[in-house]
2 protein chains.
Amino acid sequence: MSDLPKQVYISEEGPREGFQFEKKTIPTVEKVRFIEALAETGVREVQCVSFVDPNRVPSMADAEDVAATIRRKKGVRYTGLWLNKRGLLRTRLTPLDPMAWVGLYASEAFSVSNQGRSTTELISSQRDILAYLAEHDIPLEFGIIMTAFGCNIEGEIPITRTIEQIERLFDLVAECNLQLPVLKLADTVGWANPGSIIRVLGEIREKWPEQRLGLHLHDTRGTAMANALAGLQMGVDYFDSACAGLGGCPFAGHTGAAGNICTEDLAFMCEEMGISTGLDLDALIACARMAEEIVGHPLPGKLMRGGTLRHFR
Amino acid sequence: MSDLPKQVYISEEGPREGFQFEKKTIPTVEKVRFIEALAETGVREVQCVSFVDPNRVPSMADAEDVAATIRRKKGVRYTGLWLNKRGLLRTRLTPLDPMAWVGLYASEAFSVSNQGRSTTELISSQRDILAYLAEHDIPLEFGIIMTAFGCNIEGEIPITRTIEQIERLFDLVAECNLQLPVLKLADTVGWANPGSIIRVLGEIREKWPEQRLGLHLHDTRGTAMANALAGLQMGVDYFDSACAGLGGCPFAGHTGAAGNICTEDLAFMCEEMGISTGLDLDALIACARMAEEIVGHPLPGKLMRGGTLRHFR
């Protein structure tokens, strides 16, 4: 386990991933309460909302209201996800921190079905977005390859295809004289296993040894924590996660779409392995319980039930 | 990941671990229905019941009835857990396969609180049991060190202590000219992390390179699958697990005692990594759903909701 990082950056996506997925309407004030509590746990970034079509994702219709209501804590970034320029422009009218990213799908079919655009169309629209970011001095934060490990429509994704899409992403940002501070691989619909994580990341590190890598994992089939371990062993020091294991992708094409890897479970594992997260596990547990109370049903996180080991030591 | 085994043996403990933990009374016929369905999934062993004091564990008061009712499938072992000679003798009066084992706790305090006996007392009573097994030609199957990674009473367990208890176990069986086909390490109350798994197993393999090792993992704090991966990477090819993630230890001293690692989630990860389990994942998913129906509440297994990848390939 020699490549284990000494510390990891955890981006909290619970409010966005989680509340987007819930069928019942979560009041704006409850979303804000949860976001403000998360900001007290030591996280450096909270993805609060998504600026998407409210007809398609009604649970995010109050994105602007949420963004305007949050009392900000210094040192924490509050971001909103957008998927096209219209969404980006909506974000810019709120007090949220800009989140500047580019991304492609390893699965062409999923790209079309989830985002309504082919790779070529995505590249074209993202070229436009990169120009906008440059014009407004917004630094690019990350690139992401979605469905990097498999897809319910196309099935198995060959590594060569994932690498090809990464090359397209690098070419796109190079056109604008930019680099990717982080390249994220997303296991959008839960296809990854520790073996494929190690194979894909190994290939990427072989080709781009200096590239910082991140993982966006879903626990659809129970492998998220093992996949995170495989990532850590490959030197990954950047994870997206969701408090209490909130979340899921409503358009993933199957009802079992599970939440993101659970923030406090991941942070617990890291801390127990001597990898620093900067997070307060007990504060995260309190947030996870709040999340269950807000959504009104049990969430998959384990640490909130098992508790930390602090009191036993 | 060069030490990954080509195949793993998975011992199904759901009926015993799971129903023991449930507060509501599970009818005998339901237990038997679940056990018989599990036997159709390719498992080679089902731990059906425990022969313990019915005053202490009322849910196991029908152990003899369950044992007598099961219609056995050829090639499957049906066992019952016992913790002392009285329990062993009860097992022997049923049609169940004998399960011959010895075990010690790494935590002395847990040994006394969970089993009412110190290490010295356990060794003495197990000497008597080994004599009984020899007399009746029952081959010894495994040794186990419980609370091998930590304990809610004593806290951190130093590796030296775990090694010391393993040496005691080896000495005990050597006295009777026996060996341990499998040495299991149990993370009884969910203290293990991938780092401690690798350290403890590494130390054991250093001292006893030929010893076959097994893991008995609980998912108390969300690390069970990552711990299993760490075990696989250390060459472990024997796991105890519970369908649907049933189970928990009712005497673990905290209400959050979680179930065993989930059989079908573990088997899915292994199969996806090219490690053969001999198990039918879809049949296991059907069993997991049956388990939820029988206990009347959601269980933690993920694969039963996410589904296998077979239909997408």
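Visitor: How many residues of chain B are in contact with chain A?

Guide: Two residues are in contact if their C-beta atoms, placed from the backbone, lie within 7 Å. Here 40 residues of chain B are in contact with 40 residues of chain A. This is a predicted model, in which local features need pLDDT of at least 70 and side-chain atom pairs count only at pLDDT 80 or more, while totals for chains, interfaces and linings use all residues. Residues are numbered from 1 along each chain as its sequence is written, and chains are lettered from A and ligands numbered from 1 in the order in which they are written.

Visitor: Which helices of chain B each supply at least two residues of the side that touches chain A?

Guide: Helices (H or I, at least four residues) are DSSP runs, numbered from the N terminus. On chain B, they are helix 8 (194-207), helix 9 (224-233), helix 10 (263-272) and helix 12 (303-306). Helix 9 of chain B gives the largest share, five residues.

Visitor: What is the make-up of that side by class?

Guide: Ala, Val, Leu, Ile, Met, Phe, Trp, Tyr, Cys and Pro count as nonpolar, Asp, Glu, Lys and Arg as charged, and the others, Gly among them, as polar. The side of chain B that touches chain A has 18 nonpolar, 14 polar and eight charged residues.

Visitor: How is chain A divided into domains?

Guide: Domain bounds come from an automatic or database domain assignment. Chain A has domain 1 (1-97 + 242-246 + 260-313) and domain 2 (100-236), with their C-alpha centres 21 Å apart.
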